Amino acid sequence: MIFGRVKPIDAILATAEKKSLHRSLGALQLTLFGIGCVIGTGIFVLTSAGAQKAGPGLMLAFAIAGAICIVAALCYAEIAAMMPVAGSAYTYTYSVMGEILAWSVGWALVLEYAVAASAVSVGWSGYFSGTILNEFLGIQLPAYLAAGPLALGGAPGGLINLPAVVIALLVTWLLMIGTTESARVNAVLVAIKVTALTAFIILTLPQAEMDKFNPFLPAGVFGGLGSGIGAVGAAATIFFAYVGFDAVSTAAEETRDPQKNVPIGLIGSLLICTIFYILVAAGAIGTIGGQPIMGPNGIPFPAGSAELARQCALPEYAGMLVCSNEALAHVLREIGFSGIGNMLGIAAFVALPSVILILLFGQTRIFFVMSRDGLLPEGLSKIHPKWKTPYVVTAITGSVVAFAAAFLPVGQLADIANAGTLYAFFMVALAVMLLRKTEPSRVRPFRTPALWLIGPLTMAGCVFLFLNLPFEAMLVLPGWAAIGFVIYFAYGYRKSHLGQGLVEVHEGELEPTAPIHD
């Protein structure tokens with residue numbers, strides 16, 4: 001019975017210790033990891049796409065997505081502290097619901113992290129082309145090198161987004177060098193981003209005008225099932241900006257004293273970032289407005305579509321927030337702070353790679369642990385003798401991320417990534433509730449409060465947002481899952497270590513609830 005292949009928690013912990021990654025991260029580094037991923041993706045990159053879907057209702061969208069993330073984070077905190085190993089939702093599902101569902105979650109996480117990293121690479125490209133090349137060097141990158149094809153939602157004359165490809169490959173190289181080095185670089189970049197966004201809030205909020213928020217919901221709260229517009233449709237898109245707290249849980253195996261530090265990193269980073277999101281969105285919309293470009297039927301053109309790209313190429317729309325590839329720098333230039341706007345553009349140029357870094361970090365660790373369990377070829381989990389990182393899978397992942405970033409726009413990539421994100425979060429909430437029944441006596445360093453309410457709210461919230469994605473993005477998940485199950489039954493089912501009876505320890509031989517130190 002493939003549904004009966006449930007890996008005991010003690011065996012998961014023992015496997016991790018036998019072939020483990022180096023434990024070097026503390027609570028501060030984990031919090032910075034989460035902030036590094038969350039601050040940047042939604043604010044620097046997705047502000048324009050979110051405004052096109054919801055207008056000023058983007059602020060409500062951030063609040064909706066943040067509320068669902070808070071309940072999901074509480075579920076993550078309990079289970080991540082119980083099982084401080086790499087693999088995130090994949091590992092948690094393996095220990096509760098069995099191998100085939102664990103495979104489906106791991107496969108969805110691959111989609112989530114890799115596509116999200118591609119999206120941020122495209123966002124970084126906008127700041128690089130607009131601020132660094134255009135504003136400072138006076139260089140206009142040829143259209144065919146600055147964006148993907150128009151037919152895919154890129155730009156007129158576009159062919160390949162070369163800067164996005166370059167940054168994805170550079171970050172991949174940095175991540176291959178080593179986790180500790182990457183974490184140190186990330187800490188500096190997080191400080192730059194927080195400083196830049198704080199300056200943005202100080203400069204824009206005093207100039208905000210209330211009439212810029214009217215109409216507040218030009219596309220309504222609900223745009224309709226599968227439409228991807230309205231405040232809820234925007235929330236479904238920008239939800240992927242919050243995967244930073246998920247990346248923290250994937251780093252649990254490389255964390256000192258994980259039972260204490262993982263919950264701090266998860267919840268702390270989420271609270272800090274949600275506050276920044278709402279304040280920055282209010283400043284941007286209150287100064288230059290955030291109304292969407294409407295189609296002939298009175299409905300906003302889809303974000304990331306060829307139709308919107310054609311409209312944004314027209315002079316009358318070029319200055320709108322929804323058309324900017326570097327939204328926050330554009331806002332400051334429009335309100336008379338060109339110099340500071342350029343500085344913010346530089347901050348985004350320098351700091352957005354930290355977002356890509358952590359998304360790639362999370363994705364490669366998912367592949368690593370799936371390979372370690374025998375569901376993927378063992379060569380993928382090979383550790384570099386000098387760098388002590390899973391360099392093979394990191395190189396493969398970075399190449400795929402660069403390819404996607406070369407041709408697709410940020411709005412489409414964000415929606416695709418969310419299909420995997422929401423499924424994984426749904427399964428984590430279910431796993432936490434089941435573990436309360438199957439492992440009631442296991443010590444829980446962090447217990448989700450009112451799980452009888454928080455768990456179902458997380459699951460319902462994930463389903464709710466999934467149904468408000470664009471219809472095309474909703475179809476991605478079953479299509480991606482079908483490909484994954486072909487691979488599983490062709491390889492993973494036969495090669496699975498658990499299926500072959502290769503469970504390293506028996507339950508009771510370990511003390512998994514004790515903090516693990518270097």
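Modeller: Please bear in mind that this is a predicted model. Let us begin with helix α14, residues 327-334, of which 7 of 8 residues are buried.

Colleague: Which residues of α14 are called buried, and what makes a residue buried?

Modeller: They are Ala327, Leu328, Ala329, His330, Val331, Leu332 and Arg333. A residue is called buried because its relative accessible area is under 20%. Just after this helix, Gly336 has a positive phi of about 95°.

Colleague: Why are Cys312 and Cys323 called a disulfide?

Modeller: Their sulfur atoms are 2.0 Å apart, and the cut-off is within 2.5 Å, so the pair qualifies. By this rule the count is 1 disulfide. A disulfide is a covalent bond between the sulfur atoms of two cysteines.

Colleague: What is the handedness of the link between Cys312 and Cys323?

Modeller: The angle about the S-S bond is -75°, and the link is left-handed.

Colleague: How do you know whether Cys312 and Cys323 are buried or exposed?

Modeller: Cys312 has a relative accessible area of 18% and Cys323 one of 13%. Buried means under 20%, so both residues are buried.

Colleague: Why is Cys75 not counted in a disulfide?

Modeller: The nearest cysteine sulfur, that of Cys462, is 9.1 Å away. A disulfide requires sulfur atoms within 2.5 Å, so Cys75 is in none.

Technical notes
Residues are numbered from 1 along each chain as its sequence is written. This is a predicted model: local features need pLDDT of at least 70, side-chain atom pairs count only at pLDDT 80 or more; totals for chains, interfaces and linings use all residues. Side-chain values use heavy atoms; hydrogens and water are left out. Buried means under 20% relative accessible area, exposed over 50%, partly exposed in between (1.4 Å probe, protein chains only). Helices (H or I, at least four residues) and strands (E, at least two) are DSSP runs, numbered from the N terminus.
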